[in-house]
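Hello,

Here is the structure I said I would pass on. My notes follow below it.

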Amino acid sequence: MSTDALAPFRGRQPFAMVSDLVVPGALDLDADDRLWVPQAPDVAFRPLLLSPSHGYFVNLLRVRRSGVLSRHRHAGPVHSFTLRGRWHYLEHDWEATEGGYAFEPPGETHTLVVPDGVAEMITLFHVTGSYVYVDPDGRATGYEDVFTKIENARQHYAEIGLGAERVEEFLR
């Protein structure tokens, strides 16, 4: 093998390229509970990447109760990997189970449910754009996007003593 094969890239990276982001233990689902940002009773998220310049976020969503979580419409595509437990949408006949992947297309409206008997559901979500919370007839009742995630995380980290700036490690 030539020595060039083992040499790192010697060229310049593109101007204004953002830095890499590595989150050690990202899939340690029982890690430091302070990193989970409360969103609703028994619902929290753990940010992994927050990209305000591209309008997307990647986070773990943890739900520790059964029942309806939310009804929402997606402005962009969503990718998910179920890491613990299971969940489904009232509007579909499939169920997201541990180890599974689901794609949700832009424009879809659905109602997320964690079934009875599931003590904890944790899913990694990659969400592009926003989602709009709606009533059963599609009337908007609220929204969530990368900016609300950033603000919620800043507030939570400040309140528990980790410092509001802690959220900056996830910004790209």
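In which strand is Tyr89 found? Tyr89 sits in strand E6, where strands (E, at least two residues) and helices (H or I, at least four) are DSSP runs numbered from the N terminus.

Before the rest, some ground rules. This is a predicted model, in which local features need pLDDT of at least 70 and side-chain atom pairs count only at pLDDT 80 or more, while totals for chains, interfaces and linings use all residues. Residues are numbered from 1 along each chain as its sequence is written, and side-chain values use heavy atoms, with hydrogens and water left out.

Tyr89 and its surroundings

Tyr89 is buried, at a relative accessible area of 1% (buried means under 20%, exposed over 50%, partly exposed in between, with a 1.4 Å probe and protein chains only). The side chain of Tyr89 makes polar contacts with the side chains of Glu104 (2.7 Å) and His110 (3.4 Å). A polar contact is a pair of N or O atoms within 3.5 Å; within protein, one must be able to donate a hydrogen and the other to accept it, and residues adjacent in sequence count only if both atoms are side-chain atoms.

The sheet

E6 belongs to an open sheet of 6 strands, in the order E7-E6-E9-E4-E11-E12, with antiparallel pairing (two strands pair if DSSP finds at least two bridges between them). Strands E7 (95–97) and E12 (140–144) are at the edges with a single partner strand each, so one side of each has no neighbour in the sheet. E6 and E7 are joined by 3 bridges, and His88 has Glu95 in E7 as its bridge partner.

Salt bridges

There are 11 salt bridges in the structure, each a side-chain nitrogen of Lys or Arg within 4 Å of a carboxyl oxygen of Asp or Glu. One of them joins Arg84 and Asp30 (3.1 Å, N to O). This pair links distant parts of the chain, with Arg84 in strand E5 (residues 78–84) and Asp30 in the segment before strand E1 (37–40), 54 residues apart. Arg84 is partly exposed at 22% relative accessibility, whereas Asp30 is exposed at 57%.

Another salt bridge is between Glu120 and Arg64 (2.7 Å, N to O). Glu120 lies in the loop between E9 and E10 and Arg64 in the loop between E3 and strand E4 (67–74), so the pair ties together parts 56 residues apart in sequence. Asp30, Arg64, Arg84 and Glu120 are linked in a network of salt bridges.

Regards
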